[in-house]
Amino acid sequence: MITGQTVAVFGAYGHTGRFVVTELRDRGFTPLLLGRDADKLQALAASHPGLEHRVASVDDPASLDAALKGADAVINCAGPFASTGGPVIEAALRAGIPYLDVAAEIEANLDTFTHYADRARDAGVAVVPAMAFFGGLGDLLVTTAMGDWTTADEAHVAYGLSSWHPTAGTLASGTVSRDRRDGRRVRYTGGRLEYYLDESDLPALNWDFPAPAGSRTVLGGFTMADVVTVPSHLSIPEVRTYMTTDAARDLATADAPPTAVDERGRSAQTFTVDVVVRSGDTRRRVVASGQDIYAVSAPLVVEALHRVLDGRCRTTGVASAGAIFDAPDFLRALSAYVTVEQLPEPGV
């Protein structure tokens, strides 16, 4: 276990940030608590005696530079990432340290690949966006399903959530993304990201998840960050994502934030992520299951951080989880949090 390395967590007092701080401590790292709200930082620091906290704002580059002084890496947990991603990446590049985030915003992740690929590569700095449940986990599963294939015709990622009680950060990020799309929908088809207008409802489809989830109604065209992470390194011209209708309804109504039900602070929410890739008439299927999409983002991003800091990377610069890491080995390392199985193919 690595000990003594200092990892700055921007947005440390947020819902996911708190999970990340705890996971870092459990893994032997020293979290450095960063954020924009001094009172919230002080309250969090009081619950983690001995940890340093520093106030920093994305509107003040000098404050970010001062906040990252002495840090070995930074994890950005503060959404909306359309606002925070660029400034924190800039600060990480100035400091010469790795940057990781848990962004689920399609546009924010696209911005990272578009604007920082050359600069991060030239600086020899790892920048890993979407290293969370949405984006990162799906990318690792698709990459694992691909195996020895260099190309495929389609990738399908179906999200079977038992419920979805979104955090305030999720809702704020979703609002920013919708505003940027100006009423348009987004999909990855024909080898490119496409924005389009369609006033009809998303199609309701049946998806046969493995037990215990079973047959569930999902929304086709419910597009997630996988349409950025997967095509960033895999030759798959069609990437489609789906969401169970119950979870989509919960997201729309947003009646209450997640409520802890165990000593680790996890909610009762369970998830199944069912991935199918097709090449010609052959399909490969990999399924992951676990508890609490926000809580599981912490071991995902901290495992990624660990691998970046000890050199278990396939590349530098901006890269998704499946591109920079050995995907099957990474998933095995998460066995305490996520169950992963290769299953017979379903009909798609």
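These notes walk through a predicted model, from its sheet to its helices and then to some backbone details.

1. **The sheet.** Start with the open sheet of 7 strands, ordered β3-β2-β1-β4-β5-β6-β15. Its pairing is parallel. At the edges stand β3 (53–55) and β15 (317–318). Each has a single partner strand, so one side of each lacks a neighbour in the sheet.

2. Look at β5 (residues 99–101) beside β6 (residues 126–128). They pair in the parallel sense over 2 bridges. Leucine 100 stands opposite valine 128 in β6.

3. **Helix α4.** Residues 81–95 form this helix. Helix α4 lies across β1, β4, β5 and β6, and runs at about 175 degrees to β4.

4. **Helix α9.** This helix spans residues 245–253, and its buried residues are Thr245, Ala247, Ala248 and Asp250. The cover over them includes β7, β11 and β12. Alanine 254 follows α9 and has a positive phi, near 45 degrees.

5. **Cis bonds.** Most peptide bonds are trans. One joins glycine 79 and proline 80, with omega about -5 degrees. Proline 80 sits in the loop between β4 and α4. Another runs from alanine 211 to proline 212, with omega near 10 degrees. Proline 212 is in the loop between β10 and β11.

6. **Two aspartates.** Aspartate 182 has a positive phi, near 55 degrees, and lies in the loop between α7 and β8. Aspartate 292 has a positive phi too, near 70 degrees, in the loop between β14 and α10. Which is buried and which exposed? Aspartate 182 has 63% relative accessibility, so it counts as exposed. Aspartate 292 has 1%, so it counts as buried.

Notes. Residues are numbered from 1 along each chain as its sequence is written. This is a predicted model: local features need pLDDT of at least 70, side-chain atom pairs count only at pLDDT 80 or more; totals for chains, interfaces and linings use all residues. Side-chain values use heavy atoms; hydrogens and water are left out. Two strands pair if DSSP finds at least two bridges between them. Helices (H or I, at least four residues) and strands (E, at least two) are DSSP runs, numbered from the N terminus. Contact means heavy atoms within 4.5 Å. Axes are lines fitted to C-alpha atoms, for helices over the stretch in contact, and angles run from 0 to 180 degrees between N-to-C directions. Buried means under 20% relative accessible area, exposed over 50%, partly exposed in between (1.4 Å probe, protein chains only).
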